[in-house]
Amino acid sequence: MGRIQLKSVTKSFGDVQVIPPLDLTIQDGEFTVFVGPSGCGKSTLLRLIAGLEDITSGSIDIDGADATDVPPAKRGLAMVFQSYALYPHMTVRKNIAFPLRMAKLDQAEIDKRVEGAASVLNLTDYLDRRPGQLSGGQRQRVAIGRAIVREPAAFLFDEPLSNLDAALRVGMRLEISELHERLATTMIYVTHDQVEAMTMADKIVVLQAGVIEQVGSPLELYRTPQNLFVAGFIGSPKMNFIEGEEASKHGAHTIGIRPEHIAVSDSEGTWSGKVSVSEHLGSDTFFHVHETGLAETITVRADGEVAFRHGDRIHLTPRADVIHRFDEKGLRIE
Amino acid sequence: MARAVTPRRKSLNTALAWAVGLLIFFPILWTILTSFKTEAQAIASPPLFLNFNWTLENYAIVQERSDYMRFLWNSVIIAGGSTVLGVIIAVPAAWAMAFVPSKRTKDILLWMLSTKMLPAVGVLYPIYLLFIRLGLLDTRGGLVVVLMLINLPIIVWMLYTYFREIPGEILEAARMDGATLKEEILHILTPMAVPGIASTVLLNFILAWNEAFWTLNLTAVDAAPLTAFIASYSSPEGLFFAKLSAASTMAIAPILILGWFSQKQLVRGLTFGAVK
């Protein structure tokens, strides 16, 4: 069981308040992702849940019990760090066994669980190596192994994939998702990468400057971003924002339209402009369009076969049903 | 990019380094040579360098006149005891300073180090009186405590420097894995800091071994270490350089050998952190 509840939690470092009063509930078994730009307080929030930092005020409940003053060792949570934080002087076997040794399990049980975790994570052949002799992906697996053997109430991941190369990252992303499917344990995952957030999460918590901007499922955030920040942060390439006359036509201060919701044509359209850069990804093509009179650049996502070149005249038509409207404060207008 | 060094310049530098090295080592070399001379040859003018009749008679006399093994044993106990005790006290202290620093941590470190600037003789009187009261005069236990206290600032400072090099996330991982503070220090921090701790132990053992002021002032017979053994050859009948040299050589030999075998460890430990 791993239901985690934050009640009016704040955190200050000296006179600087990095987390203003914040309430959040993470349901048992849920895969929750904290996402936001660097310095938004997402890692601090995770460390508060872990107990590695003390909260300044408020309280944290884990499984209905007040855990505010419980030291990290007793919270029953496991954490995977960005740097993996493996014990360099111990073999893989000893690294994975360490939490079990600390829990004073008997040796037979420890061996059984370590072997089990190793086979799940394809580490059986590496059990007698030291972390220094492993690749980045293997180290990451050891860190995960160390977390799963003790069957924690919840897993905390602090940007676990940011030190891996792109191909490995996609692979590990899948492995972590599969792990969640199999264990059905609460997972809290911190990342600045919105693709990781979108692909893995049951629930995304978007943070900025210690404040929760929006909580919702990936598609909720994509379809109905509550404010300009979330609208701009979720989705790749970024949503286009248009102000002024065009926005007033829709009765809004700002309108937002995603690059994939704009149709392109060489002859007719609502708007027109000149292609400045076209990026061909094979499956898709991104056009960066200037001189539209709407915004400095309008980004459009088109089919991979569409071929416009630098300097070409292009006509754009937004899909009317997916135009997002925001007021002067940047809040969504329904 | 490395700066280009011409071969000529390189050999010049090497020669200079050797010259400085020999200059520093010369007194020790001279002591060792003198220990193999007769008393007459030892004070001959002009001094004899290698062209004398090598003899072991000084060693025989020293061996006969005093119980070298007893002094040696006292030195081992005092230097070893004070170092071990110091490390046991310094590890938690350095842990606290390195991983849970406060605003005053830097001040405390500097203040601790500043006690090393106090001339030892300034506190001789109070410590001597304390030793009389506590019945610690001429006991190995008393000296272990005093030398430990004298060297503690250095031990704490060195360990603090090594601990600072250990990534905090690894200790946090141990905490998340359910380790108590004691288990964290015992199973994670200490094994990871072994090279640093080893060179700290080594340096402090050498410092304690060579310490003469306190050992000479606070011991007489029972707890007298090798420093007192050397000193005993400089006194009553006037100076006998050859015998004094033989005693000195015997006193410094163990530490010289230890230093020789561990020089790599020592240099690595002392430059740890400076070069990553």
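My entries start with conventions, then go through chain B, the interface and chain A.

**Conventions.** I am working with a predicted model, in which local features need pLDDT of at least 70, side-chain atom pairs count only at pLDDT 80 or more, and totals for chains, interfaces and linings use all residues. Residues are numbered from 1 along each chain as its sequence is written, while chains are lettered from A and ligands numbered from 1 in the order in which they are written.

**Chain B, overall.** I found 14 helices and zero strands in chain B, taking helices (H or I, at least four residues) and strands (E, at least two) as DSSP runs numbered from the N terminus. The C-alpha trace of chain B spans about 70 × 65 × 30 Å along its principal axes.

**Helix H4 of chain B.** I looked up H4 (residues 68-99) and got 32 residues, with 45 Å from first C-alpha to last, close to the 46 Å expected; the expected span is 1.5 Å times one less than the number of residues. I also noted a kink of about 30 degrees at B:Ala90, shortly before the proline B:Pro92. The bend is the angle between axes fitted to the seven residues ending at a residue and the seven starting there.

**H3 against H13.** In chain B, the axes of H3 (residues 57-65) and H13 (residues 241-261) come within 9 Å and cross at roughly 75 degrees. H3(B) is therefore roughly perpendicular to H13(B), a label for angles of 65 to 115 degrees. Axes here are lines fitted to C-alpha atoms over the stretch in contact, with angles from 0 to 180 degrees between N-to-C directions. From H3(B) I listed B:Asn58, B:Tyr59, B:Ile61 and B:Val62, and from H13(B) the contributors include B:Lys243 and B:Met250. Contact means C-beta atoms, placed from the backbone, within 7 Å. I sorted the contact residues into seven nonpolar, one polar and one charged, with Ala, Val, Leu, Ile, Met, Phe, Trp, Tyr, Cys and Pro as nonpolar, Asp, Glu, Lys and Arg as charged, and the others, Gly among them, as polar.

**Where the chains meet.** The contact takes 18 residues from chain A and 15 from chain B. On the chain A side, strand S6 (77-80) and helix H2 (92-102) each supply at least two residues. By class, that side of chain A has 15 nonpolar, two polar and one charged residues.

**Domains of chain A.** Chain A is divided into domain 1 (4-231) and domain 2 (237-333), bounds that come from an automatic or database domain assignment. Their C-alpha centres lie 37 Å apart. Six residues of domain 1 are in contact with nine of domain 2.

Most residues other than glycine have a negative phi, and most peptide bonds are trans. The bond from A:Ser236 to A:Pro237 is cis, with omega near -5 degrees, and A:Pro237 lies in the loop between helix H8 (228-233) and strand S11 (240-243). A:Asp63 has a positive phi, near 55 degrees, in the loop between strands S4 (57-62) and S5 (65-66).

Terms used
Angles under 35 degrees count as roughly parallel, over 145 as roughly antiparallel, 65 to 115 as roughly perpendicular and the rest as oblique. Two residues are in contact if their C-beta atoms, placed from the backbone, lie within 7 Å.
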